[in-house]
Amino acid sequence: MVRPIAIAYGRALRSQFSSRMLLLSVVPLLLSLALWGSLLYAGMQPLYDWLQDTFRDYGLFETSGSILSTLGLGFLKTLVVPLVAMLVLLPLMIITSLLFIGVGAMPAIARHVSRVQFPGLERKEGGSFLGSLGVNLSGIVVFALLWIVTLPLYALAPLALVVQAVLWGWLTARVMSYDALSIHASLEERRIIVAGRRRQLLLIGTISGLLGALPGVAWIGGALFSVVLFPVLAVLSIWLYLIIFIFTGLWFQYYCLQALADLRAAQASKEPA
């Protein structure tokens with residue numbers, strides 16, 4: 001079952017670099033920049049101050065310094081507060097990027113894939129905006145909680161990369177499979193595809209998760225050399241997240257609609273003439 005995943009990947013890659021898909025990142029990017037520019041301008045220093053006070057009041061500088069020294073990362077002691085701030089903000093950036101893509105890009109992605117690859121596929125409207133919103137919000141809440149719980153793993157970068165990829169894989173498989181099938185599939189068809197192709201959907205999500213982990217790692221890694229570059233790295237990370245989300249949306253869309261077309265063909269072949 002790897003071949004359909006590879007075919008959908010190739011189709012998504014070709015579509016990703018079309019002018020239409022690249023332009024789709026502009027509106028979500030502007031929304032993200034407006035939101036995060038305002039939040040970082042107004043809230044970054046208060047967040048630093050609060051973290052400094054919290055670390056000082058609860059003796060966390062000594063605790064974190066001891067842990068980092070044990071791991072051979074003692075040189076990070078002076079950067080522990082900025083790094084914690086970035087790790088707190090990172091999932092929020094991912095979440096807002098996902099929401100902006102869902103609102104500003106996914107409908108256009110669905111229309112594009114349907115028109116280009118599946119013009120004859122019947123629309124059964126098995127999903128809804130409220131259903132998509134519910135799936136998005138419930139998935140995001142679980143994602144955010146698990147992210148917070150796994151923050152200490154960032155002391156071990158390779159393990160953090162794997163954990164983030166798995167979290168991303170679960171979230172994207174849950175959210176984007178719903179959005180990809182909501183227009184064309186009936187409720188029953190969507191359930192059959194999600195249940196029957198759970199591993200394949202999770203694989204697509206996890207591979208996308210590895211790509212999605214790179215902006216965060218680059219952001220935090222770059223900040224180790226210059227905290228002053230934090231705003232620039234934040235903007236670059238947001239844009240990379242948006243591009244990766246659009247590619248992931250295309251990949252899920254191509255794969256899921258092909259799965260739907262195959263399901264209907266199989267069901268039609270079983271019907272008596």
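The structure holds four salt bridges, each a side-chain nitrogen of Lys or Arg within 4 Å of a carboxyl oxygen of Asp or Glu. This is a predicted model: local features need pLDDT of at least 70, side-chain atom pairs count only at pLDDT 80 or more, and totals for chains, interfaces and linings use all residues. Residues are numbered from 1 along each chain as its sequence is written, and side-chain values use heavy atoms, leaving out hydrogens and water.

**View 1. The overall fold has eleven helices and zero strands.** Helices (H or I, at least four residues) and strands (E, at least two) are DSSP runs, numbered from the N terminus. Of the 273 residues, 47% count as buried; buried means under 20% relative accessible area, exposed over 50%, partly exposed in between (1.4 Å probe, protein chains only). Contacts are heavy atoms within 4.5 Å. Among contacts with a separation of 6 or more, 88% join residues 24 or more positions apart. Mean pLDDT (the predictor's confidence in each residue, from 0 to 100) is 80, and 84% of residues reach 70 or more. Confidence is lowest in helix H5 (residues 80–104), at a mean of 72, and highest in H9, at 93.

**View 2. Arg-56 pairs with Asp-53 in a salt bridge.** The closest N and O atoms are 2.5 Å apart. Both residues lie in helix H3 (residues 26–57), three residues apart, so about one helical turn separates them. Arg-56 is exposed, at 51% relative accessible area. Asp-53 is partly exposed, at 34%.

**View 3. Glu-125 meets Arg-123 in a salt bridge.** The N to O distance is 3.4 Å. Glu-125 is partly exposed, with a relative accessible area of 45%.

**View 4. Arg-264 and Glu-189 form a salt bridge.** Their closest N and O atoms are 2.9 Å apart. The pair links distant parts of the chain: Arg-264 sits in helix H11 (residues 230–270) and Glu-189 in helix H9, 75 residues apart. Both Arg-264 and Glu-189 are buried. Salt bridges with shared partners join Lys-124, Glu-189 and Arg-264 into one network.

**View 5. Arg-190 is buried yet has no salt bridge.** Arg-190 lies in helix H9 (residues 187–196). The nearest side chain of opposite charge, Asp-179, is 8.8 Å away. Here Lys and Arg count as positive and Asp and Glu as negative; His and the chain ends are not counted. Not counting residues up to four places away in sequence, Arg-190 touches Gly-126, Tyr-178, Leu-181 and Ala-185.
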